[in-house]
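Trainee: I am new to this structure and would like to go through its charged side chains and some helix packing. Could we look at the model together?

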Amino acid sequence: MGRLVEMRAPKQEATGTAGLSDVMGNFERIGWGPVPNTLHDLGTDLFILARDARRFERGLLVGAQVKAGPTAFDRPVTDESGAVVGWEYYEADASHFDDWVKHGLPHLVVLNDLGSRISYWVHVTADAVSSTGKGVKILVPADQTVDVEHLEALMEVAANQRVPIPLEGTAWSAGVRNIAPSRRLRHAMIAPRLVAPHPNTGTSREIEPEEGLAILARGSVSRFEGFGEQHASVPKLNEANDHKDWRWRFAAALARYVLGNESAVGGLIDSAPNAAAQVAARVLQACELHDGEEYDHAIKVLTEQIEADNANPTDQAWLLMQRARIRADTGAVADARNDAVAAQVMLVGDEDDLTASALRGASGWLLFQTAPWADRKLQQMIESTDTAVSWWRTQATSSALSEAETRVFRRWADEQTRRFEVEDVVNNRLYAALLGAHLAGEQAAWRATGSVLARNTIMVAHGRQDHRLLQSGVDELRRSGDAPNTILAAQRLWSIGPLLPLRDAVAAIRRNSWTHTTALANIRLWEHGGDLLLREDALDASHFCLEVLSDPEPFAQRTNPTFRVVPALLDSLAGVVLAGGHDAQRDVLRFIAELPQISEDSEAQGWARVLTRLDPHNLDASERSEVRAAADRQTSELLSAQMLGFLIDDPDVLRVLLERARKGDSYALAAISDVNRLNRDAAVAVIEREATTLQRMVNDAEKGSYSVFVHDPVRTFVVVAAAFPEAAQWEALMGLLEHPQVAGEHKRSGCLALGNLVDELPQAVRQELTRILPAIGQTSTIDVMYGRPLAGADRYLGAALGSVDQVEFANILGKLMNGSRHDRMDAARLIMLQPDTPHVSALIMMLGDPFADVRAAGAAALAKLAVREPTRADPLVQAGLQQALLDPGARVPLGVAVGLGGPTVDRAEAVAVASQFVDHPSALVRNNVLQMVVQA
């Protein structure tokens, strides 16, 4: 037999039901139609049909959340007299408030007094909601009640159906109160223009933490500090680090990141008050790790948050896009595409969220870039990336570039006015655009803006001689993946210095630095700056290149290259191997000895370049035999000749090369290098072949056709003919030199070679050259390949022939010194013909020339004078040499190395000069100086 069970409803249920009934009754009394949402109450208790004062339907709905009982009124707010002006409604989680603000219907929070049955209401809007750092609150005014007196105000609320955020005018009216609570951090980071107060609004108003975050995201640390100085409620950066409000601590973390300090995020992820804050912190940490090329760690940080699955859809899409860009960059293309597609699905329905449109643009670009060519839809990609956030970023970039152009013009105009700038507008606006793209995961925009910012940084830092900033700029340029400009920056710094920042930038390339974005830029930086590496770094780089050359597939899978891997890595190997010392060279030589037959021309050319950086003395007898066998296997004339050139001291190898040269192999002739090794048969064959080429060049020039050669036929003819003058067909050379339609580039090398070898030329040849000298200067204006004009080469030849007197010599020198860079280089050669004249001072003037190759020409001439009689004791020569030795780059020291060689050099003096380069940062300089001294 059962027993009677007495059922008792919980007290809070009675309170909630009574409160809901009171509120429904109050709305019914003003003619509105409330409908309880009993089946799917996720923060909306009532849907209410609004009617106007005449009880006409307006097709408008309002949502309401009802709270009743004493606890609904336990957070009163009073005025100065102590009178209650309203009550704070608080929730620890922002999700309800966020849903209400974003909802398609306007929402009310209604507090109901069960005793008086009065219902107090507030319209939940973004600007009415306040964040406490841990939760969210809103003030429900005591003078807003559900009754006829407030019907008009309630109708205004009902008319506020959700509309997209207006864009026009937001530059001035930006503020955190325009944005839903859970969106605020994301907007502050991705679309700070909608959050940060306009600079011209001043600092008189207190700012919220998200507004401070947005100010920092726009690259203005000083403006943030300005608010802190004026308002006690706004912490300065050093105070924000320990602030009780997590949002201020996060702003301080972003400031550390902007200022380049390490460990920006620290423990902020674990202490984040909600999921939106955790996501923002994770994204910032991922960007920090991305900058440090810790890609696997960045993916791990993002994946942990993604798998937690506690973020709202747009935040989850944000995480997915950050992970997608890194995955795509490190070879996981399929996973990246899956992330991008998942992000697009999550972003559906947030049409009024500008950060969502930015994320859709990022995903659209990634899917376009990673799709097969046939599947790429250009229109779709362009439409998806054409967003308000991208417009604002372009505006910032345009403003920065306009200011940069103004600076350049002022320098051109030689403005003498002193200007004092509060901030570096160019740098800060470019950085803000870069940061926005970075935080949004827009890889293409991040790369493009990063390149512009890096180039500006390099130019400014070089002018200031700020070595740390210079290294940072080169590193940023490399990480942006701008390979062409990385080459230019490396070549320029290598040439003129300073070298140590460039060395540090090159050394920053580590084994985890290789991605789709950075791969080619890494290769070019190693190629053009690798000789600056310290021995261990260069050895590791050499080994990396050999590993990839042994098995390129893993490298290709990770980087998904748009270039041919093997030829590119050979360029890198040629750049670093010399700095790796004996061990690196031995390892490379062993690798070369085991090379199979190389069929690709580009690969053969690459290995040939590598061989030019190696010392044959690093081979033992067995290894020399292996290299000879490898040379015999090669079908590439270039590579086999270069290999055999390594073994040129072997009489059998020399015979092979001579025979190949006799048959027309220009690569074999180049491998022989020393014309004194040629026998008569080979020399005659070379002269006849090159004479035919010279005649063809003349015939082509008459037709307006100009060829490019893998070797210099004019110089080759001159050098071999001077060594074997009785076999030379001099008329072919004279015909080319005096023909007015032959390009200056084709005449230049011949004139310089003739001037250098003038003492070895037969008297009849010298007389003929003197006769045609006026005609040599008449040339075609065409630039064939390298754009080297004739410049002063013909006048150098004339001076070498002795056809000018002292007055004419001085006139020629004056014109050259005031001419083009090639003219000034030729002036240095000209001075060497009469070194005992006062013109030596002109060489010292060249050391201040803006072009490094002119300075190098002057340094070469000074070095040659300083190590030979009778000029080496000249104080002016010695002073000039000491100035050249202090040059901060590598190009001028190489010029000094050239000047130390030659048969007339005082060997002891040359060794003394060379000893000053023992610790030069460039292995190429050290090696060339050593070779020149040995040859001397």
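Trainee: How do the side chains of E88 and R75 meet?

Mentor: First, a word on the source: this is a predicted model, in which local features need pLDDT of at least 70, side-chain atom pairs count only at pLDDT 80 or more, and totals for chains, interfaces and linings use all residues. Residues are numbered from 1 along each chain as its sequence is written, and side-chain values use heavy atoms, with hydrogens and water left out. The side chains of E88 and R75 form a salt bridge, at 3.4 Å from N to O. A salt bridge here is a side-chain nitrogen of Lys or Arg within 4 Å of a carboxyl oxygen of Asp or Glu.

Trainee: Where in the chain do E88 and R75 sit?

Mentor: E88 is in strand β5 (residues 84-91), while R75 is in the loop between β3 (57-68) and β4 (76-78); the two are 13 residues apart. Helices (H or I, at least four residues) and strands (E, at least two) are DSSP runs, numbered from the N terminus.

Trainee: How many salt bridges does the count come to?

Mentor: The count comes to 51 salt bridges. One of them joins the side chains of R186 and D353, at 2.6 Å from N to O.

Trainee: Why is R186 called buried?

Mentor: R186 is called buried because its relative accessible area is 2%.

Trainee: Which residues are linked in a network of salt bridges?

Mentor: The network links D291, E293, D475, E476, R478 and R479. R479 lies in helix α19 (residues 467-479) and is buried, with a relative accessible area of 9%. Leaving out residues up to four places away in sequence, R479 touches D291, E293, W446, T517 and T518; contact means heavy atoms within 4.5 Å.

Trainee: Which buried residue has no salt bridge?

Mentor: E288 is buried yet has no salt bridge, and R256, the nearest side chain of opposite charge, is 7.5 Å away. For charge, Lys and Arg count as positive and Asp and Glu as negative, while His and the chain ends are not counted. E288 is found in helix α10 (residues 275-291). Among the residues that E288 touches are Y257, N261 and E262.

Trainee: Changing topic, at what angle do the axes of α33 and α35 cross?

Mentor: The axes of helix α33 (residues 713-723) and helix α35 (residues 744-756) cross at roughly 20° and come within 8 Å. That makes α33 roughly parallel to α35. Axes are lines fitted to C-alpha atoms, for helices over the stretch in contact, and angles run from 0 to 180 degrees between N-to-C directions. Angles under 35 degrees count as roughly parallel, over 145 as roughly antiparallel, 65 to 115 as roughly perpendicular and the rest as oblique.

Trainee: Which residues in α33 and α35 meet?

Mentor: V714, R715 and V718 in α33 meet H746, S749, G750, A753 and L754 in α35. E745 is placed in helix α35 too, and E745 is buried, with a relative accessible area of 15%.

How values were computed
Buried < 20%, exposed > 50% of the residue type's maximum accessible area, 1.4 Å probe, protein only.
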